[in-house]
Amino acid sequence: MISRVGIMGGTFDPIHFGHLLMAEEARQAFALDEVVFVPNGRPAHKKAYLVSSPEDRYAMTRLATESNPQFTCSRIEIDRPGPSYAIDTIRAFREQYTHLDALYFITGADAILQILTWREYDKLVEACQFIAVTRPGFSLERLSELADKNFLDHVSFLPIPGLDISSTDIRVRIHQRRSIRYLCPDSIVDYIEDSGLYRPHEME
């Protein structure tokens, strides 16, 4: 029976090895039975025209995770109308997994402060624990200054090897017609090439 689940949310535009390493390190460190990747449908904090289509991002996430039997990919935010809010997703997972011992939300430590601006964040921190993945040299001082004790009590910090990869950099590389091989799984590189994602317009 699945009793310990991690949720890995994000735009995944595109998904890359940094995302996969975060999920695998969290899975092992917290003895998770499953890590569920949840691509945002309509990210509440980003303008829709700046993000690739939900179906493309979902397809890439499925391709990237299919080789790991403990990774799955959910359409919950893709299929839900309206903006994607983490609190709605957490509540849905609580209803789906009724016998959970632990539910974790996995995110980068550099983004953990954004949670303080999320919808119903006070209820969110009561509904799940957070795994904040840190890179070497990350400082917790600013977080301690801005977040209250109740929030910090629901956050566990997980140092992992540094992989300086970002989706933004990958999109820029493609726009500049530079290689992204070894930044993403080969299946993602092939999908991007076949679909023409992130390429500059011919007039540019």
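## Phenylalanine 37 and the cores

Phenylalanine 37 touches Met8, Phe12, Ile15, His19, Leu20, Ala23, Thr61, Thr65, Phe71, Thr72, Cys73 and Ser74, leaving aside residues up to four places away in sequence; contact means heavy atoms within 4.5 Å. This is a predicted model, in which local features need pLDDT of at least 70, side-chain atom pairs count only at pLDDT 80 or more, and totals for chains, interfaces and linings use all residues. Residues are numbered from 1 along each chain as its sequence is written, and side-chain values use heavy atoms, with hydrogens and water left out.

Phe37 and Ile106 have the most contacts inside the largest nonpolar core, which has 32 residues. Such a core is a set of buried Ala, Val, Leu, Ile, Met, Phe, Trp, Tyr and Cys residues joined through side-chain atoms within 4.5 Å. Buried means under 20% relative accessible area, exposed over 50%, partly exposed in between (1.4 Å probe, protein chains only).

## Histidine 16

Histidine 16 sits in the loop between β1 (4-10) and α1; helices (H or I, at least four residues) and strands (E, at least two) are DSSP runs, numbered from the N terminus. Histidine 16 is buried, at 4% relative accessible area. Its contacts include Ile165, Ser166 and Cys184.

## Cysteines

The whole structure contains 0 disulfides, a disulfide being a pair of cysteine sulfur atoms within 2.5 Å. For cysteine 128, the closest cysteine sulfur is in cysteine 73, 19 Å away and too far for a bond. Cysteine 184 is buried, with a relative accessible area of 1%.
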